Amino acid sequence: MSKLFTPFKIGNSVIKNRIVMPPMCMYKVRDDNGFPRCFHRLHYAARSLGGAGLIIVEATAIEPRGRITHNDLGIWNDEQKEAHARLVKECVKYGAKMAIQLAHAGRKSECDDTPLAPSALKFSDEYQIPKVMSLDDIAQVKSNFINAAIRAQSAGYEIIEIHAAHGYLINQFLSKSVNKREDNYGGSFENRTRLLKEILTEMRAAVSIPIGVRLSADSWKSDDYDIDESVRLAKELESLGAAFIHVSSGGVHANVDRAPKFVPLYQAGYAKAIKEVVKIPVIAVGLITTASEGEALLLGDVCDGVAYGRELLRNPNFAQTAMRDLGEKELIEKPYRRAF
């Protein structure tokens, strides 16, 4: 059997194949309430029916001011939790494992409230100057992450992903050039990574499901962190009990000076560098669009799971297309087999 269609484990959760739908914001919430709607239930269930092994629901805010926009999902109250439970129920019946990405936008929030950040540096001229977080603010955000995780587990999600990538709040703390704090949450590597590690540790104590982390492995800016620091961080996260690392890059700065060329597999090298130093599963992402690309990444020990983002937006049945392309037609849902 092709490796793309072999199962793998995240914690104790067995995932039927290695096709991962990564979190991709849909901006389809109405009425500013953070609730998943019929759209979300159909959107994610279609990818489950289409054969994806793991679905990571889009960035879901742990508090209202943590949203990217007013049209983002939230899980900061129990009414939202019940709506998420309905979403999970629709998806798991078709075989996918359901995960959720818990997030806080920090200075990249476009909502009306003054955003929070480690330092009073705005992302670009289109964004507000953020409020510098006090220690009480940090404690409250940590508490909100933990409460969101408890709700996520209660809603039926089997896996949680902490969003520490793409320039959002936790990533802002990790950044040398965004985080200018002079307390225990800024300056040294140990201090800049403290918030993420505390959230992971406290979350693991509060829930029993696996928790992983999405990282921007390189900031793409010469005066900021790079893959070497992310490799070090990944090892420390593993030692603290992270169940997987999902490897992306960039998004930290509006202007960068060493971004890679955006070509297929352009982020695979970051995933491979991290996989070489950890024993937990690594998920690769980045303009991966074909079954053969995913198979090559797996056979080359670049990663353990392959995230197909845009391809799963284009084709909810991508997994079944990949089954055909890799000679695994017997895996295709019988009602659809005649189409392949």
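**Entry: a glutamate in a helix**

I started with glutamate 311, which sits in helix H10, residues 310-314. I kept in mind that this is a predicted model. Is glutamate 311 buried or exposed? Its relative accessible area is 15%, and because buried means under 20%, glutamate 311 counts as buried. Then I looked up what it touches: leaving out residues up to four places away in sequence, glutamate 311 is in contact with Ile288, Thr289 and Phe318.

**Entry: two helices side by side**

Next I turned to H1 (residues 38-49) and H2 (residues 78-92). I found that their axes come within 8 Å and cross at roughly 25 degrees. So H1 runs roughly parallel to H2, because angles under 35 degrees count that way. I also noted the handedness: the crossing of H1 past H2 is right-handed.

Which residues of H1 and H2 meet? On the H1 side I listed His40, Arg41, Tyr44, Ala45 and Ser48, and on the H2 side Arg86, Leu87, Glu90 and Cys91. Sorted by class, this contact has four nonpolar, two polar and three charged residues.

Cysteine 91 is in none, and the nearest cysteine sulfur, that of cysteine 38, lies 12 Å away.

Last, I checked burial. Cysteine 91 is buried, with a relative accessible area of 0%. Cysteine 303 is buried too, at 1%.

Key
Residues are numbered from 1 along each chain as its sequence is written. This is a predicted model: local features need pLDDT of at least 70, side-chain atom pairs count only at pLDDT 80 or more; totals for chains, interfaces and linings use all residues. Side-chain values use heavy atoms; hydrogens and water are left out. Axes are lines fitted to C-alpha atoms, for helices over the stretch in contact, and angles run from 0 to 180 degrees between N-to-C directions. Helices (H or I, at least four residues) and strands (E, at least two) are DSSP runs, numbered from the N terminus. Angles under 35 degrees count as roughly parallel, over 145 as roughly antiparallel, 65 to 115 as roughly perpendicular and the rest as oblique. A crossing is left-handed if the near helix is turned anticlockwise from the far one by less than a right angle, and right-handed if clockwise. Contact means heavy atoms within 4.5 Å. Ala, Val, Leu, Ile, Met, Phe, Trp, Tyr, Cys and Pro count as nonpolar, Asp, Glu, Lys and Arg as charged, and the others, Gly among them, as polar. A disulfide is a pair of cysteine sulfur atoms within 2.5 Å. Buried means under 20% relative accessible area, exposed over 50%, partly exposed in between (1.4 Å probe, protein chains only).
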